[in-house]
Amino acid sequence: MKKTLKKLQPALLVVLLAFTCCQQDDVHMNDNNTSAKGNSRMITYEELKAMPKAISMLESLKEQRRKKSVYNERYDFTVDTTEIFLVEIGDYHSLTFTISRDSAYTDVTENLVLNWEPYEDYKTYMAEYMLTEEEKEKIADGEYVDTKDKERLLVLPEFSPSTILKSAGGAGEDQIIMVDGICYKGMWVRDESYSGIPGQIEKSKFKWVYLPVPCPEGHLDPSYTEGNHPGGGGPTNMPIFNTPYPISQEPITNMPGPGGYNGGTGNSGSPYNPIYTKPRVEIAIAHPRECKKIKDALDSNNFRQEVVDLAGKVNDPVNEYGAGLDRFGNVIPFPPGPEIQVPIPFGTPSFPNGYIVVSHTHNNSIAGTLSVFSIYDLRNIAQFLFDNHINDGTFVATLSTAKGTHYALTINNVTKFKDFFFYLSGSTNPADAQKILISAKNATSISKKYFENTTGNAIISESDTNNMNVLRGFLEFLNEANMGVSLFKTQANFQNFEQVSLKRDGSIQFSTCP
Amino acid sequence: MQHKRHITGILFSLLPVFLGSVSQAKAQQLSVVSPYQGTWHYQNGNELFIVTLWKEGDSLLGHYKMVTINSSGVIISTLYNSRKLYNANSQIKWPPVINTSIVDFSASGVFLDNTINYENVSSLAGDIRLDMQQTSPLTIHWKIKKGKGIRLINEPELNIPIDIILTKVSNEIDLE
């Protein structure tokens with residue numbers, strides 16, 4: 001991350017914040033003219049914390065994100081709060097954050113922009129850029145990329161009814177509001193009561209809540225309502241807070257204007273204030289040593305072709321397929337079967353041998369296909385390791401599945417990997433007794449939590465058709481197990497690899513191997 | 001003083017509430033004994049499969065053994081016992097080989113079969129499910145499945161029973 005910051009710094013010094021020369025008067029997404037009036041720099045989360053309203057806005061988004069992550073994957077995105085791009089001009093400022101999504105949205109580079117509206121609050125926008133991979137790398141390296149015709153700024157409405165209801169808390173007690181077609185009325189309800197205790201004076205706590213109520217007659221008549229939030233004109237009878245998502249695909253020039261602040265009184269077509277931002281991309285870096293292991297292993301004796309061939313056999317309804325590469329470069333095909341049985345590689349004490357690569361498929365079984373490695377794949381790899389059947393420093397496991405997933409797995413920390421499965425070690429050292437007990441209990445508990453599927457509700461399940469869900473669960477498992485394993489996502493040609501890991505907020509990070 | 005009397009009055013008035021809470025808590029503790037906890041049997045001819053289950057935190061843990069019995073039900077010999085020494089030179093015994101969680105009337109989790117002996121493989125592993133069946137006598141449906149994954153060639157199949165009905169014979173836990 002620091003490397004990325006260093007790379008970005010030169011670019012940030014030349015940031016483009018001009019009041020003039022824009023395709024639109026109020027939106028400046030990537031101007032190439034430096035404004036003498038403005039000041040822009042990267043800030044850290046520590047500095048961000050000095051902006052309580054910005055933190056409050058982010059907390060609101062994070063809360064929504066957690067809910068979405070659980071209930072609706074479509075809304076899932078991650079706001080990176082470790083490095084923020086700050087623009088300050090007079091009493092106005094904006095904050096630009098990188099955003100990442102786990103799912104298919106990511107053809108577009110998205111940034112979250114919080115734009116300070118003096119005397120009001122932050123308004124939230126989504127800046128979108130259609131960038132090629134080359135352009136992303138240039139931006140990450142601090143070079144200017146012309147994003148004209150590749151950029152747009154969208155209003156990011158508040159999209160959680162609960163948040164909107166919270167923000168509407170100042171409405172009068174008799175005020176009925178509508179959120180996503182449901183009418184709510186604010187009222188005080190008894191939160192805690194002590195009145196049931198004899199002799200105790202009646203004492204209750206009340207809290208203000210919005211509860212669903214029948215919509216008033218005539219509420220569908222536009223003249224009855226005041227329009228969408230924010231903004232909108234007309235008579236104020238019942239505010240409507242619609243929460244469309246995906247967010248409106250209309251550019252900001254076509255969005256309902258805020259009315260008022262910028263001189264407009266209705267749908268002015270302008271944002272509240274000028275918005276200054278610039279594209280920010282985050283290119284994570286994969287672990288070079290583990291990436292090299294994969295490349296070297298697959299390059300050895302053209303083993304990549306073996307793995308590609310296996311990827312073409314995943315649709316077999318009965319059999320899994322597999323192959324191994326030993327340390328002498330011998331390719332060893334594994335006999336196909338409902339489960340892959342790995343032969344012990346030939347070796348002698350003078351010429352110890354072990355697998356460098358063990359590759360297999362998860363076939364299109366009627367019982368379902370697990371789109372990631374199973375706990376028993378890992379357990380048996382550990383057993384091979386304890387029995388010296390794999391070459392620990394260079395070992396790579398690959399997997400192709402009938403669900404279209406392709407992975408490579410490396411052991412980045414052999415000690416951790418062995419510790420997790422230590423109960424398989426067969427150690428006769430009395431000093432290892434406690435370690436064996438702890439390992440068995442820990443491994444069985446974590447296996448139970450993530451993989452046990454007699455009820456069909458496992459976190460990592462064959463029946464889950466959402467590969468990203470399964471991957472996220474698998475990464476959570478790897479994190480909790482702390483077993484020193486790195487996972488890489490790839491395609492059927494096994495040419496390019498992205499390390500996959502979990503960010504602190506639970507979203508998936510993809511880091512490209514160099 | 002008036003004020004003090006008032007507080008005392010309140011305290012006395014609250015006493016039944018506190019006492020009620022305490023007696024309620026005790027009653028709950030007494031009723032929390034899991035029906036899974038105890039010793040379970042499955043007999044096939046002169047072989048008796050004995051499973052011992054106990055609760056530890058939120059988990060239901062267990063061990064099993066297979067013994068032979070005579071016509072009077074007296075144990076003649078032990079064929080295997082999952083709670084054996086970890087290995088011949090070891091000072092310690094195997095940790096629980098059954099690790100499940102109870103949801104309603106079903107306990108599910110993972111098990112180890114440490115009764116096999118192949119190469120250096122000391123155990124096989126898989127999923128286990130114990131469904132409560134009938135209450136008089138108390139029975140559970142023991143069903144296990146070997147975990148699916150790559151494995152060493154010619155690895156043996158499970159040695160312990162796969163699909164049986166166990167009958168509860170005691171609430172006591174005897175691990176010997």
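Me: Two strands pair if DSSP finds at least two bridges between them. On that basis, in which sense do strands S1 and S10 of chain B pair, and over how many bridges?

Reply: This is a predicted model, to start with. In it, strand S1 (residues 38–44) and strand S10 (residues 163–170) of chain B pair in the antiparallel sense, over 3 bridges. Trp40(B) is the residue that stands opposite Lys168(B) in S10(B).

Me: And strand S8 of chain B, how many bridges join that to S10(B)?

Reply: There are 5 bridges between strand S8 (residues 138–146) of chain B and S10(B), and the two run antiparallel. There, Ile140(B) stands opposite Leu166(B) of S10(B).

Me: What is the strand order in the open sheet of 8 strands?

Reply: The order is S16-S15-S18-S19-S20-S21-S22-S23, all of chain A, and the pairing is mixed. Strand S16 (331–337) and strand S23 (508–512) are the edge strands, each pairing on one side only. On average, neighbouring strands are turned by 25° against each other, direction ignored.

Me: What packs on that sheet?

Reply: Helix H6 (residues 288–299) of chain A does, touching strand S15 (320–326), S18, S19, strand S20 (406–411) and S21 of chain A. The direction of H6(A) makes about 115° with that of S20(A).

Me: Inside the sheet, how do S21 and S22 of chain A pair?

Reply: In the antiparallel sense, over 3 bridges, with S21 covering residues 485–490 and S22 covering residues 498–502. Leu487(A) stands opposite Val500(A) in S22(A).

Me: Back to H6(A). At what angle does H6(A) pack with helix H7 of chain A?

Reply: About 90°, with the axes of H6(A) and helix H7 (residues 303–311) 5 Å apart. Angles of 65 to 115 degrees count as roughly perpendicular, so H6(A) is roughly perpendicular to H7(A).

Me: Which residues make the contact?

Reply: From H6(A) they are Ala297(A), Leu298(A) and Asp299(A), and from H7(A) they are Phe303(A), Arg304(A) and Val307(A). These divide into 4 nonpolar, no polar and 2 charged.

Me: Now the A–B contact. How many residues does each chain give?

Reply: Chain A gives 39 residues and chain B gives 33 residues. On the chain A side, the elements with two or more residues are strand S17 (341–342), strand S18 (355–362), helix H8 (375–386) and helix H10 (433–450). H10(A) gives the most, with 9 residues. The chain A side divides into 16 nonpolar, 16 polar and 7 charged.

Me: Which strand of chain B does S17(A) pair with, and is the sense parallel or antiparallel?

Reply: S17(A) pairs with strand S9 (residues 151–152) of chain B, in the parallel sense, over 2 bridges. One bridge partner there is Arg151(B), for Gln341(A).

Me: Is H8(A) enclosed or open to the outside?

Reply: H8(A) is largely enclosed by the rest of the structure, because 11 of its 12 residues are buried. Among them are Tyr376(A), Asp377(A), Arg379(A) and Phe384(A).

Me: What do the buried residues of H8(A) pack against?

Reply: They pack against S18, strand S19 (396–401), helix H9 (414–420) and H10 of chain A, together with strand S7 (124–135) and S9 of chain B.

Me: How far apart are the end C-alpha atoms of H8(A), against the span they should have?

Reply: They are 16 Å apart, and the 12 residues of H8(A) should span 16 Å at 1.5 Å a residue, so the two agree. After H8(A) comes Asn388(A), whose phi is positive, near 60°.

Me: Where does Leu424(A) lie, and why does Leu424(A) count as buried?

Reply: Leu424(A) lies in the loop between H9 and H10 of chain A. The cut-off for buried is 20 or more other C-beta atoms within 10 Å, and Leu424(A) counts as buried because it has 26 C-beta neighbours inside 10 Å.

Me: Which residues does Leu424(A) touch, leaving out residues up to four places away in sequence?

Reply: Leu424(A) touches Ala382(A), Gln383(A), Phe386(A) and Ser122(B). Its C-alpha atom is separated by 8.5 Å from that of Arg379(A), 45 residues away along the chain.

Key:
Residues are numbered from 1 along each chain as its sequence is written. Chains are lettered from A and ligands numbered from 1 in the order in which they are written. This is a predicted model: local features need pLDDT of at least 70, side-chain atom pairs count only at pLDDT 80 or more; totals for chains, interfaces and linings use all residues. Two residues are in contact if their C-beta atoms, placed from the backbone, lie within 7 Å. Helices (H or I, at least four residues) and strands (E, at least two) are DSSP runs, numbered from the N terminus. Ala, Val, Leu, Ile, Met, Phe, Trp, Tyr, Cys and Pro count as nonpolar, Asp, Glu, Lys and Arg as charged, and the others, Gly among them, as polar. The expected span of a helix is 1.5 Å times one less than its number of residues. Axes are lines fitted to C-alpha atoms, for helices over the stretch in contact, and angles run from 0 to 180 degrees between N-to-C directions. Angles under 35 degrees count as roughly parallel, over 145 as roughly antiparallel, 65 to 115 as roughly perpendicular and the rest as oblique.
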